[in-house]
Amino acid sequence: MRELLQKTLRRRKGIVPKSGPHYTLEKESSPGEKVDMDSSLQDMNTLNFVLVREHSKRESISFIHESRSNSQVTCETTLVPSSQYKSYRIQMLHKNVLRPPSGVDFGLSAEKIEIVPIMQMKTKTSKLWNKQKAYSISSDKLADCLIVHEGKTGKSVFRLVYLATSRDFKYHEFESKSSDIKEIVAKIQQILDLRYSQVRRDYLYVLSKKQQKKQEK
């Protein structure tokens with residue numbers, strides 16, 4: 001938990017882990033009770049935590065508010081994405097540029113991602129493409145998630161990278177309004193940081209090797 005706290009502080013602008021103010025973690029369901037920093041995430045029985053500045057109090061149990069005093073954060077918003085399932089209706093892009101985007105329900109929780117095609121009216125061109133199937137991706141198979149395009153029309157595109165087989169990484173790209181895309185990417189990136197699975201480590205290693213080869217050319 002100590003490592004998780006330090007990673008979180010480093011990611012937040014203006015908060016330096018080795019200098020004041022000091023912060024601690026609390027379970028979202030247990031306000032006022034500090035988490036034992038020597039414990040592991042598995043010992044916590046939850047993925048919902050709150051980052052709280054030392055000598056500060058949370059205002060409620062159900063909602064964690066962000067309040068500012070003298071330009072310093074006194075109580076941060078929820079640190080870890082809720083394990084509660086949430087679905088987004090977005091467009092899945094295809095590598096074949098001739099194929100139009102497909103509408104999907106993109107379901108996201110701390111445990112997995114579910115991608116379910118939306119039933120659409122049949123057209124003359126739709127008969128040319130293979131029927132898209134629903135599938136799910138375990139969070140332990142996730143490798144990366146990033147925004148690859150931010151358009152001026154209020155829409156953005158993000159890429160989801162995952163381990164498809166024992167050795168092969170694959171990706172899908174999705175498009176929707178920028179607010180939804182940013183929310184999805186932020187949640188998945190938090191899951192990646194928290195789990196830091198072997199898949200994630202292997203992918204980052206492969207990525208660093210590719211970048212190193214490019215620099216050597």
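Entry 1: I call a residue buried under 20% relative accessible area, exposed over 50%, and partly exposed in between. I also remind myself that this is a predicted model.

**Entry 2: a lysine in helix 2.** I looked up Lys-187 first, and with a relative accessible area of 24% the residue is partly exposed. Lys-187 makes a salt bridge with Glu-183, with 3.7 Å between the closest N and O atoms. The two are four residues apart in helix 2, so about one helical turn separates them.

**Entry 3: who else meets Glu-183?** Which side chain meets that of Glu-183 in a salt bridge at 2.6 Å, N to O? I found Lys-86. Lys-86 belongs to strand 5 (residues 86–93) and Glu-183 to helix 2 (residues 178–195), so this pair ties together parts 97 residues apart in sequence. Both partners are partly exposed: Lys-86 has a relative accessible area of 35%, and Glu-183 has 28%. Through shared partners, the salt bridges join Lys-86, Glu-183 and Lys-187 into one network.

Entry 4: I then checked Asp-140 and Arg-195, whose side chains form a salt bridge at 3.1 Å, N to O. Asp-140 sits in the loop between strand 8 (135–138) and strand 9 (142–150), while Arg-195 is in helix 2, 55 residues apart. Asp-140 is partly exposed at 39% relative accessibility, and Arg-195 is partly exposed at 33%. My tally of salt bridges comes to nine.

Entry 5: In what order do the seven strands of the open sheet run? I read 8-7-6-5-11-10-9, with antiparallel pairing. Strand 8 and strand 9 are at the edges with a single partner strand each, so one side of each has no neighbour in the sheet. On average, neighbouring strands are turned by 30° against each other, direction ignored.

Entry 6: I took a look at strand 5 and strand 6 (residues 102–108), which pair in the antiparallel sense over seven bridges. Met-92 has Ser-102 in strand 6 as its bridge partner.

**Entry 7: helices on the sheet.** Helix 2 packs on the sheet, and among the strands it touches are strand 5, strand 6 and strand 7 (112–117). The direction of helix 2 makes about 155° with that of strand 9. Helix 3 (residues 198–216) also packs there, touching strand 9, strand 10 and strand 11. For helix 3, I noted an angle of about 55° with the direction of strand 9.

Methods:
Residues are numbered from 1 along each chain as its sequence is written. This is a predicted model: local features need pLDDT of at least 70, side-chain atom pairs count only at pLDDT 80 or more; totals for chains, interfaces and linings use all residues. Side-chain values use heavy atoms; hydrogens and water are left out. A salt bridge is a side-chain nitrogen of Lys or Arg within 4 Å of a carboxyl oxygen of Asp or Glu. Buried means under 20% relative accessible area, exposed over 50%, partly exposed in between (1.4 Å probe, protein chains only). Two strands pair if DSSP finds at least two bridges between them. Axes are lines fitted to C-alpha atoms, for helices over the stretch in contact, and angles run from 0 to 180 degrees between N-to-C directions. Contact means heavy atoms within 4.5 Å.
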